[in-house]
Structures are given as C-alpha cells and as structure tokens.
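This briefing covers a surface patch, a chain-to-chain contact, charged pairs and some backbone details. Please read it beside the sequence and the model below.

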Amino acid sequence: MDALIILFASGILTMFISLLKKPVLSLITASAGLFIAGSLLVLNFDHPLNFIKYEGLIFDSASVLFSLTIVVFTLLLTLSGYAYFSKEKDHTGDYMALMLFSATGALCMVSFSDLFMFFIGLEILSIPVYVLAGTKKKDLRSTEASIKYFFTGAFATGVLLFGIAMIYGATGTFKIAEIEAFINTNDTLPSFLHVGILLMLASFLFKVGAVPFHFWSPDVYEGSPSVMTGYMAAVVKFAGFIAFFKLFSVAFGGASDYWAPILIVVAIASMFLGNLSAIQQTQFKRLIAYSSITHVGYALLAILSFNSLLNVQSLWIYLFSYGFSIVVLLSVSMLIKQEDDSIASLKGLARKYPFIGFVAILALLSMAGIPPLFGFFGKYMVFSRAFGAYPMLVIIAIINSGIGIYYYLRTIIVMLSENDQESMIKTPHVLHYLVLSICAIALMVGGFVFV
Amino acid sequence: MILQTVFDAGVSIEYYVMLASILFGIGVLGVLIRKNAIILLMCIELMLNAANLLLVAFSTYYGKADAQIFVFFIMVVAAAEATVGLSILVMAYRNLRTVDISLFNKLKG
C-alpha cells in the first residue's frame with residue numbers, strides 16, 4: 001500500500017518537475033520515487049501494510065514480491081531509457097510520470113482481491129502505455145504501433161468487461177474468494193459462468209499476446225520506442241501473467257475442465273508459431289516479439305499445472321529471469337542508430353563494446369535456457385512442475401526450446417562477428433552500463449539466489 | 001428503482017441479457033469490419049456500455065449496489081480511454097492525413 005501511494009505521488013511530482021525542463025531532475029525524482037517504493041517493499045516484506053477499511057487490494061508477501069519485481073523492472077527501464085527520453089527535453093518528465101502511473105496500475109494488478117480492482121488496475125496499467133507507444137510523434141511506425149496497441153487493447157478491455165459482467169451474473173459477487181467458493185461448492189455451474197470465463201480467457205490471451213490473439217504484438221513491439229517495448233514485454237506481461245494466474249489457477253481453478261483444453265491448444269500453438277516465425281525474422285525487435293510469443297507458451301504451462309503457491313513461485317522465477325533478459329536486449333536495441341533495427345546492424349557489437357556484447361550474449365543464452373544462467377532455472381522449474389500433469393506438453397516445450405536456441409545463437413554469432421562497414425551502434429550512455437551490470441549480475445547469480 | 005419496478009412488472013432478466021448481448025455483438029462486429037477509426041472507437045464504447053447495462057441489470061436482480069458502483073468507474077475509465085484514443089488519432093491524422101486504419105500498414109513481416 002505504501003509503495004502504491006509513493007509511486008503515484010512521485011509520478012505527480014515528476015510531472016511538475018518536468019515543467020522546469022531539466023531532464024536530469026525528472027530522472028532523479030522518478031528514480032528516487034521508484035527506489036523509495038522498492039525499499040519500503042523490502043522493509044515491510046514480512047508485514048506489509050494494508051488499507052484499513054478497504055479489502056479490494058490485499059498485500060500479502062506474495063504480492064509484495066510481485067510488486068517489488070515490477071518496481072525493479074520499471075526502475076531499470078527508466079534508467080536505461082533516459083538517453084532516449086531526454087532527447088525531448090520538454091517531455092522527459094511526462095514520459096517518466098506516465099511510466100510511474102502505469103507501474104501503479106501494475107501494482108494493483110498483482111495484489112487485487114476482487115474483479116473490480118483488477119479491472120481498474122488493468123486500465124491504469126494500459127492507458128499510459130497506449131500513449132507511450134506513440135511517443136516518437138514524427139515516426140509513422142510509432143504512430144501505427146500506438147494505434148494498433150490502443151485498438152486491440154481497448155477491444156480486449158470490452159471483452160473482459162463483458163466477461164466480468166457475466167461472471168457477476170452467475171455468482172453475484174466480484175470477490176475472488178467468493179467466486180472460488182461458488183465454483184467449488186456448486187456441482188453444476190451456470191452457463192453464464194462458462195461464457196464469462198471464455199470471454200475473460202480471450203481477453204487475457206489478447207493482453208499477454210498468445211496465439212491466436214498475437215497478431216498485434218510483433219507490429220507494436222517493432223514500432224514502439226525500444227524502452228516501451230521493454231516495458232511491454234517485461235512489466236505488462238509480468239502483471240498480466242500474475243493476474244492470469246490469480247484468476248484462472250486460483251479463482252476459476254474448480255472449472256479447469258472447461259478452460260484447460262483451450263489453454264493447452266493455445267500453449268502449443270504459441271510455442272510453434274512464435275518459434276517458426278522468429279527463425280525468419282531479420283528485424284531485432286520483431287525477433288524478440290516472436291520469441292516472446294514462444295515464451296508466453298512456456299509460461300502458460302505454469303498456469304495450466306495449477307497447484308497452489310509452489311506454482312506461482314516457478315511462474316515468478318520464470319518471468320523474473322525473462323524480464324532481465326528483455327531489459328538487456330531492449331537496452332542494446334536502444335543503441336542501434338538507424339531507424340529499422342535489423343539484426344545485421346548489431347554486427348561487431350561484441351568487438352566494439354566488449355562489456356555490452358558480453359551482457360547481451362548472457363541475456364540471449366539465458367532466454368535460450370543454457371544451464372548456469374537464470375533463465376535455465378525458470379524454465380526448469382516451470383517444466384518440472386508441469387511434467388506430472390502434462391508430460392506431452394512438456395516434451396513439446398523442450399523441443400521448442402531446442403528450436404529457439406537456433407535463432408538465439410544466430411544473433412550471438414552476428415554480435416561476435418567482425419564488422420568491416422561503418423558501425424551502426426551509438427556510444428552508450430553511462431546509465432546503460434549501470435543497468436547492464438545490474439542485469440548481468442542478476443542473470444549470472446539469480447538462479448542460485450532465488451531458487 | 002425504475003429497474004426494480006420493471007422487474008416487478010414482469011420483465012425477466014433474460015431480456016436484459018439478450019439486449020446486452022446483442023449490443024455487445026454489434027460492437028464486436030463493428031470493430032471487426034469497419035475501417036474508420038472513429039467508428040471503431042464508437043463500437044468499443046458500445047461494447048463497454050453493453051457490459052454496463054448487463055452489470056446494472058444483474059445488480060438490480062441480486063439487490064446489491066456493488067455492480068452499480070462498478071458501472072460509474074467503468075464510465076470514468078471509458079472516458080479516459082476515449083480521450084487517449086482520440087488524441088492518438090489526432091496525432092495519426094497529422095502524420096498521415098487519414099483515420100482509415102487499413103492504411104496503417106508500415107509494419108509487416
């Protein structure tokens with residue numbers, strides 16, 4: 001609760017500081033707000049504060065952990081995006097303030113206890129991101145990304161809302177615990193509930209970008225500014241998946257016979273389609289977008305094999321490790337000069353800037369799931385947890401991990417190879433080095449600390 | 001209160017569900033087939049309002065006020081969303097001189 005208020009207040013403060021037109025001051029305010037929010041979460045980890053009279057948001061230790069993850073990723077992206085944001089001196093603070101507001105919504109989305117707060121959180125999370133996707137005002141691709149993201153997002157919101165209304169019609173309550181009790185006590189479930197679950201499932205698949213509702217994500221990821229692509233892939237997806245888990249694995253867990261078969265098909269389709277499309281890509285951010293569709297497929301395994309808290313831990317570790325890789329790769333993508341960020345323009349990265357090249361390779365290997373890195377532990381935990389219930393699905397996922405290694409290694413080879421033409425890579429800002437060092441430490445030791 | 005009297009008069013909940021579903025269906029169809037971005041925005045509003053209608057009907061049916069409060073928040077959110085959507089459209093219009101979404105096709109692959 002304290003972190004929520006601090007984030008929101010520092011967002012407003014950043015907006016006012018932005019009037020001074022000094023990007024550095026905006027950066028300091030925004031990152032100080034995030035840092036204070038993060039430290040308060042760490043300090044109150046065992047006894048998180050809650051609202052006295054309001055039960056829509058409940059902060060227990062799990063949701064504090066998720067909130068902390070969101071704050072960490074937002075802080076890292078704010079720092080590494082500073083070089084991009086400060087290009088427009090008048091609006092640096094506005095962009096950061098919007099990121100803070102969006103993170104506030106993400107906090108609501110991981111700690112809600114009724115559908116009402118979930119919906120409000122989702123909207124607070126999404127609406128600033130629609131704006132931020134279009135921050136390159138003169139760039140047609142950014143505009144297009146913003147429009148596509150807005151319309152798909154708003155459409156998904158409408159579907160979600162109708163689903164919530166249907167579930168309310170079936171159960172007469174918005175509270176997650178009461179819906180769970182309703183599903184577990186009634187033998188024959190009303191058809192309203194089935195329709196509602198189906199509509200909510202569709203809108204969730206929209207939001208996290210799973211097949212068949214993935215079509216927007218490559219376009220949006222490519223067109224948006226790199227820092228916002230990172231935000232979408234790391235924070236929005238994280239919050240979406242935690243809410244997905246809370247609703248489907250916990251609240252609708254009793255009705256899993258109904259939605260689990262759909263999700264199995266979606267998971268398999270996401271893995272294959274994401275991988276097979278990623279192999280053909282020549283654009284770096286499009287590659288990340290398609291590989292993130294594959295990763296959605298893996299993470300759906302954790303949602304499918306629901307059994308209480310152990311699963312949410314494996315899902316968290318998976319998304320946490322994935323988020324660090326995303327932050328690294330999108331920070332690298334911010335360094336590419338030309339407008340279309342082809343993979344070929346990364347040529348010679350590791351030779352020109354050995355440290356950045358090293359961290360980028362770590363991130364790619366971690367995404368591919370190579371053992372000592374953090375990503376391996378995430379994948380291992382999700383797969384091993386799911387193996388008991390869905391052995392075939394896990395085997396398919398492992399085959400797909402193998403396919404994935406191909407295009408990750410191809411990108412690594414490009415980074416390592418000699419560049420005989422003019423380099424396409426900008427001189428990194430000092431904050432890039434800071435962010436990349438934090439991520440490198442997390443990727444290397446994360447698996448041994450958090451698992 | 002008005003809805004309550006209507007319920008007492010014998011209009012059952014099914015009719016409200018049907019009406020809301022039809023409105024929602026019109027909204028979804030509009031989003032899927034129309035190309036003008038302003039019409040798309042209107043269709044999305046229609047979807048949200050269908051959900052509002054359904055929530056209010058169920059709220060009266062159960063005799064609880066929570067869904068009606070939810071509806072107020074949905075209206076606020078819908079207004080915020082429309083504001084953001086229209087400003088994005090203004091930006092797009094400045095760049096491309098059109099709001100036909102089928103012409104936004106720079107990103108492919």
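Predicted model: local features only at pLDDT ≥ 70, side-chain atom pairs only at ≥ 80, totals over all residues.

- Two elements of chain A give two or more residues each to the patch: helix H16 (354–368) and helix H19 (430–450).
- The element that gives the most is H19(A), with 7 residues.

**Contact between chain A and chain B**

- The contact draws on 44 residues of chain A and 43 residues of chain B.
- About 3800 Å² is buried between chain A and chain B, and 80% of that lies on carbon and sulfur atoms.
- On the side of chain A that touches chain B, at least two residues each come from helix H6 (115–133), helix H7 (140–171), helix H10 (216–223) and helix H13 (284–304).
- H7(A) gives the most to that side, with 24 residues.
- By residue type, the side of chain A that touches chain B holds 24 nonpolar, 10 polar and 10 charged residues.

**Salt bridges**

- Side chains of opposite charge can pair when their charged atoms come close.
- Over all chains, the count comes to 7 salt bridges.
- One pair is Glu88(A) with Lys137(A), whose side chains meet in a salt bridge at 3.9 Å, N to O.
- This pair links distant parts of the chain, 49 residues apart.
- Glu88(A) is in the loop between helix H4 (82–85) and helix H5 (92–111) of chain A, whereas Lys137(A) is in the loop between H6 and H7 of chain A.

**Backbone details**

- Most residues other than glycine have a negative phi, and most peptide bonds are trans.
- The peptide bond from Val211(A) to Pro212(A) is cis, with omega near 5°.
- Pro212(A) lies in the loop between helix H9 (191–208) and H10 of chain A.
- Lys21(A) is not a glycine, yet has a positive phi of about 60°.
- The loop that holds Lys21(A) runs between helix H1 (2–17) and helix H2 (23–43) of chain A.

How values were computed
Residues numbered from 1 in each chain as written. Chains lettered and ligands numbered in written order. Heavy atoms only, no water. Contact = heavy atoms within 4.5 Å. Buried area = accessible area lost by both parts, 1.4 Å probe. Helix = DSSP H or I, 4+ residues; strand = E, 2+ residues; numbered from the N terminus. Nonpolar A, V, L, I, M, F, W, Y, C, P; charged D, E, K, R; others polar. Salt bridge = Lys/Arg side-chain N within 4 Å of Asp/Glu carboxyl O.
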